[in-house]
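Open the model in your viewer and keep the selection panel at hand. This tour goes from one selection to the next.

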Amino acid sequence: MDEKISCLIGLQTRSNFYKVEAGLIALLRNCLESETENSKSILSCCIDHFQSLNSEDAGWGCGWRNIQMLSSHLLAQRPEAREVLFGGSGFVPDILSLQRWLEIAWEKGFDAPGAAQLDHAVYGSKKWIGTTECSALLRSFALRARIVDFGPKESQSVVGISVDNTVDKTRNDKMANSKVKSEAYQVLMDFVWNYFSDENSIQFGQQHVVICEKTPLYFQHDGHSRTIVGVQAKHQQNGILPYNLLVLDPAHVNYSFHI
């Protein structure tokens, strides 16, 4: 194991990305501050955008790109993480190198079910990965990582209503499904706001955009994943606060996404 790690540290390659002058978060902050609407936004600090490339990983590499984005933040903002991540290299490795690091994490015993599901091998493949692989990789460097699932539990699964009219049954099923999805959506939004606002302890004062010390979030959903770098709450006349997630999408150059 030690020999594998030493070899990988020496052979791993730095990943390329487009460097934004003055920083990506500063650019996003300026865009948000130029908005005239009554809103409050919270942004994480210091992160680089790693984009999937047609020549390399388009269609399958989003999970790896999000790991790269999270790693760029940890390397820049967390001295304790910089010392241990990727053997203390101080840079974000390319996807092939990350695949080797994940296999080493599996060999150490992290996420045994996930390793078995992917046949204990990802190097050189186009296998999709997600939050469990990201957490296994980070935990293998003795970093804390937590996974939060916002999907409906089995006990909340929608059961068809026993009525004779099939049309009515279908309509009621759709209404129940819609309610479950709506509740999960609100729980997700509340969680993200509370996370970045540190349970509303952040003081905005006269500002409507603030930078916090929170690490960005790896956000996985069906078929794709993105990195949440902040959240915005827009005030409306009825007092309701609709939230916008501010994300970096590996599949696009766009730096914000409203959901």
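Select Arg 29. Its relative accessibility is 25%, so Arg 29 counts as partly exposed. This is a predicted model.

How many salt bridges does a search of the whole structure find? The count is eight. Go next to Arg 65 and Asp 57. Their side chains meet in a salt bridge, 2.7 Å from N to O. Are these two buried or exposed? Arg 65 is buried, with a relative accessible area of 2%. Asp 57 is buried too, at 0%.

Move on to helix α5. Select Glu 103 and Arg 100. A salt bridge joins them, and its closest N and O atoms are 3.5 Å apart. The two are three residues apart in the helix, so they are separated by about one helical turn. Glu 103 counts as buried, at 13% relative accessibility. Arg 100 is partly exposed, with a relative accessible area of 36%.

**Charges over rings**

Keep Arg 100 in view and select Tyr 123. The charged end of Arg 100 sits over the ring of Tyr 123, 3.6 Å from the ring centre. Then find Lys 214 and Tyr 195. Lys 214 lies over the face of Tyr 195, at 5.0 Å from the centre of the ring.

**Aromatic rings**

In total, the structure holds nine aromatic pairs. For one of them, select Phe 86 and Trp 101. Their pair is tilted, with 6.3 Å from centre to centre and 55 degrees between the planes. What does this pair tie together? Phe 86 lies in the loop between α4 (79–84) and α5 (95–107), while Trp 101 lies in helix α5, so the pair ties together parts that are 15 residues apart in sequence. Phe 86 and Trp 101 are both buried.

**Cysteines**

Select Cys 45 and Cys 46. The structure holds zero disulfides. Cys 45 is buried, with a relative accessible area of 15%. Cys 46 is partly exposed, at 36%. For another cysteine, select Cys 7, which is partly exposed with a relative accessible area of 43%.

**Two backbone stops**

Most residues other than glycine have a negative phi. Return to Cys 46 to see a positive one. Its phi is about 55 degrees, although Cys 46 is not a glycine. Look for Cys 46 in the loop between β1 (39–43) and α3 (62–77).

End at Asp 111. Here phi is near 50 degrees, again a positive value in a residue other than glycine. Asp 111 is found in the loop between α5 and α6 (112–117). At 24% relative accessibility, Asp 111 counts as partly exposed.

Note on methods:
Residues are numbered from 1 along each chain as its sequence is written. This is a predicted model: local features need pLDDT of at least 70, side-chain atom pairs count only at pLDDT 80 or more; totals for chains, interfaces and linings use all residues. Side-chain values use heavy atoms; hydrogens and water are left out. Rings of Phe, Tyr and Trp (its six-membered ring) pair if their centres lie within 6.5 Å; planes under 30 degrees apart count as stacked, over 60 as edge-to-face and the rest as tilted. Helices (H or I, at least four residues) and strands (E, at least two) are DSSP runs, numbered from the N terminus. Buried means under 20% relative accessible area, exposed over 50%, partly exposed in between (1.4 Å probe, protein chains only). A charge sits over a ring if NZ of Lys or CZ of Arg is within 6 Å of the ring centre and within 35 degrees of the ring normal. A disulfide is a pair of cysteine sulfur atoms within 2.5 Å. A salt bridge is a side-chain nitrogen of Lys or Arg within 4 Å of a carboxyl oxygen of Asp or Glu.
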